[in-house]
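Here's a quick briefing to read alongside the model. Have the sequence open as you go through it.

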Amino acid sequence: MQLFTIGTLVAITIYTCGFGVTLWKEKQKVSALAVFFLTLAILVLPFFTIF
């Protein structure tokens, strides 16, 4: 189950980061920065929870 959770987390992180890159290419820099901070939050939050 833990492997499934980590795999899902990695997939969501890659998808969110790709969306941020797309926003950056469309010259929406502020929105892209917000999405990158969201990606950081997705990566950091699991370390504050107990599996």
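T39 sits in helix 2, where helices (H or I, at least four residues) are DSSP runs numbered from the N terminus. T39 is buried, at 6% relative accessible area; buried means under 20%, exposed over 50% and partly exposed in between, using a 1.4 Å probe and protein chains only. Keep in mind that this is a predicted model, where local features need pLDDT of at least 70, side-chain atom pairs count only at pLDDT 80 or more, and totals for chains, interfaces and linings use all residues. Residues are numbered from 1 along each chain as its sequence is written, and side-chain values use heavy atoms, with hydrogens and water left out.

**T39 and its surroundings**
- Setting aside neighbours within four places in sequence, T39 is in contact with T13, T16 and C17, contact being heavy atoms within 4.5 Å.
- L3 is 36 residues from T39 along the chain, and the C-alpha atoms of the two are separated by 20 Å.

**T16, over in helix 1**
- T16 belongs to helix 1 and is buried too, with a relative accessible area of 11%.
- Leaving out neighbours within four places in sequence, T16 touches V35, L38, T39 and I42.
- A polar atom of the T16 side chain lies 2.7 Å from the backbone oxygen of I12.

**How the two helices pack**
- Helix 1 (residues 2–25) and helix 2 (residues 29–44) have axes that come within 8 Å and cross at roughly 165°; the axes are lines fitted to C-alpha atoms over the stretch in contact, and angles run from 0 to 180 degrees between N-to-C directions.
- Helix 1 and helix 2 are therefore roughly antiparallel, the label for angles over 145 degrees.
- Residues of helix 1 including L9, I12, F19 and W24 meet residues of helix 2, among them L33, F36, L38 and I42.
- By class, that contact has 14 nonpolar, five polar and one charged residues; Ala, Val, Leu, Ile, Met, Phe, Trp, Tyr, Cys and Pro count as nonpolar, Asp, Glu, Lys and Arg as charged, and the others, Gly among them, as polar.

**The loop**
- K27 lies in the loop between helix 1 and helix 2 and counts as exposed, at 66% relative accessibility.
- The phi of K27 is near 65°, a positive value in a residue other than glycine.
- Most residues other than glycine have a negative phi.

Conventions
Angles under 35 degrees count as roughly parallel, over 145 as roughly antiparallel, 65 to 115 as roughly perpendicular and the rest as oblique. A polar contact is a pair of N or O atoms within 3.5 Å; within protein, one must be able to donate a hydrogen and the other to accept it, and residues adjacent in sequence count only if both atoms are side-chain atoms.
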